[in-house]
Each structure stands twice: as structure tokens, then as C-alpha cells.
Amino acid sequence: MDFDLESLVNVEQSFYDEGYKDGFAHGRIHGLIEGRALGREKGFEMWEELGFYEGFALMWKSILEAQGRREDRAANNIRHLLDLIFQFPRMNPSASEPSELDIPKLFRQIRSRYKVLCATLGAKPTLRAGGSSSPTGDVDDLGGTQESHSADGKNQVWQIDKPARGEGLSF
């Protein structure tokens with residue numbers, strides 16, 4: 001009987017190498033799946049916040065234009081905020097070609113410009129990331145209050161006061 005003693009010497013290393021290859025392939029598959037899910041979630045949160053800033057700026061832009069205040073400090077801050085928002089990439093820059101764009105830096109600049117705009121307008125800045133509000137109406141990290149909850153548990157962005165008896169809406 002021919003017995004190869006050399007193969008027994010490397011048996012532990014061969015099992016280790018085979019297990020490493022299997023584990024690496026399994027981790028790669030699950031890492032890609034989890035990475036994509038996390039990327040979608042974080043991307044949605046970022047765009048939700050950017051959409052809030054853009055809507056806020058566009059609303060105040062139309063209010064200031066209606067008042068004829070197109071060239072004051074608030075209008076200038078609105079233009080700068082909208083310019084920064086429009087610089088934000090609309091698709092994944094790493095998927096197409098390498099980009100020198102620093103997304104976290106641009107996002108910090110947008111947040112800062114939003115806070116400056118709020119200070120100029122005399123509004124309290126609020127930062128509401130997706131579903132992260134506190135039911136107690138606590139003050140968030142930007143100094144603004146977060147939305148409150150109604151009696152049925154739904155989020156309310158604006159506090160709605162019930163009209164006094166007999167003060168209904170008239171059309």
C-alpha cells in the first residue's frame with residue numbers, strides 16, 4: 001500500500017485554506033447585499049433631508065419674491081443654499097467615473113447654509129432624519145424642536161390648534 005505521508009503534513013493547512021475560501025465567498029455575497037441595503041437607507045435619509053432644505057428654501061424664496069425682497073440677505077442665502085443643493089450628485093459618482101467631490105463636506109456646507117438662512121429669517125432650524133423624531137417634542141441637535149404627535153400617534157409637523165367654539169372655517 002502506497003501511503004503519501006507528505007499530504008498528511010499539510011492536511012490542517014488545506015482544511016484552513018478551503019474554509020477560508022468558502023467563508024470569504026459567503027461573506028462577499030452577504031456583504032454586498034447588506035451594503036446595498038445600508039446604502040439605500042442612508043441615501044434615502046440624505047435625500048429626505050436635502051428635500052426638506054430645498055422645499056424650505058423654495059418656500060421662503062417665493063415668499064420673499066411676493067414681498068418684493070429679491071436682493072436682501074435672506075434671498076442671497078437662499079440662492080447659495082439652492083446652489084449647494086443643486087451641486088449634490090443625483091447618481092452614485094463612484095459607479096460612473098471617479099470623482100473628486102467630497103460628499104460629506106458638501107453635506108456639511110448645506111447644513112451650515114441652512115442654519116445661516118434660518119438665523120437670517122428668524123426661524124428655528126430643525127433637522128429631521130427619517131423617523132428619528134422623539135415623541136416628547138425634545139430639542140434636537142440643531143436647537144430646533146422636533147415634531148409632536150397627535151392623540152392617534154401620527155406625526156404632526158405643524159402644531160394645529162383647534163378653533164374656539166363657533167369659529168369654524170368660512171368659505
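Me: What should I know about the model before reading values off it?
Reply: The model is predicted, so local features need pLDDT of at least 70 and side-chain atom pairs count only at pLDDT 80 or more, while totals for chains, interfaces and linings use all residues. Residues are numbered from 1 along each chain as its sequence is written, and side-chain values use heavy atoms, with hydrogens and water left out.

Me: OK. How many helices and strands in the chain?
Reply: Five helices and two strands. Helices (H or I, at least four residues) and strands (E, at least two) are DSSP runs, numbered from the N terminus.

Me: And what pattern does the chain follow along the sequence?
Reply: The pattern reads α-α-α-α-α-β-β.

Me: How much of the chain is buried?
Reply: Of its 171 residues, 20% count as buried. Buried means under 20% relative accessible area, exposed over 50%, and partly exposed in between (1.4 Å probe, protein chains only).

Me: What does the accessible surface come to?
Reply: About 13200 Å², with 56% of that belonging to carbon and sulfur atoms. The areas come from the Shrake-Rupley method with a 1.4 Å probe; for residues, only the protein chains shown count as cover.

Me: What about contacts between residues at least 6 apart in sequence?
Reply: Among those contacts, 46% join residues at least 24 apart. Contact here means heavy atoms within 4.5 Å.

Me: Switching to salt bridges. How many in the whole structure?
Reply: A search finds four. The criterion is a side-chain nitrogen of Lys or Arg within 4 Å of a carboxyl oxygen of Asp or Glu.

Me: Start with E49. Which residue does it pair with?
Reply: E49 pairs with R111, with 2.6 Å between the closest N and O atoms. E49 is in helix α2 and R111 in helix α5 (residues 103-121), so this bridge ties together parts that lie 62 residues apart in sequence.

Me: Is E49 buried or exposed?
Reply: E49 counts as buried, because its relative accessibility is 5%. R111 is partly exposed at 29%.

Me: What does K42 bridge to?
Reply: The side chain of K42 meets that of E45 at 3.6 Å, N to O. Both residues sit in helix α2, three residues apart, which is about one turn of the helix. K42 is partly exposed, with a relative accessible area of 40%, and E45 is also in the partly exposed class, at 22%.

Me: And D72, which partner there?
Reply: D72 forms a salt bridge with R69, and the closest N and O atoms are 2.9 Å apart. Relative accessible area is 23% for D72 and 37% for R69, so each counts as partly exposed.

Me: Over to helix α3. Where does N77 sit, and what does it touch?
Reply: N77 lies in α3, residues 73-87. Leaving out residues up to four places away in sequence, N77 touches R113, V116, L117 and T120. N77 counts as buried because its relative accessibility is 6%.

Me: H80 is in that helix too. How far is H80 from Y114?
Reply: The two are 9.5 Å apart, C-alpha to C-alpha, and 34 residues apart in sequence. H80 is partly exposed at 35% relative accessibility.

Me: Q109 and I85, what separates them?
Reply: In sequence, 24 residues; in space, 9.5 Å from C-alpha to C-alpha. Q109 lies in helix α5 and is partly exposed at 34%.

Me: Which residues make the nonpolar patch on the surface?
Reply: L5, L8, V11 and F15, with about 420 Å² of accessible area together. Two or more patch residues come from each of α1 (5-9) and α2 (11-66). Patches are made of residues with over 30% relative accessible area and no salt bridge; like charges are joined within 9 Å, and nonpolar side chains (Val, Leu, Ile, Met, Phe, Trp, Tyr) within 5 Å.

Me: Is F15 buried or exposed?
Reply: F15 is exposed, at 62% relative accessible area, and it is found in helix α2.
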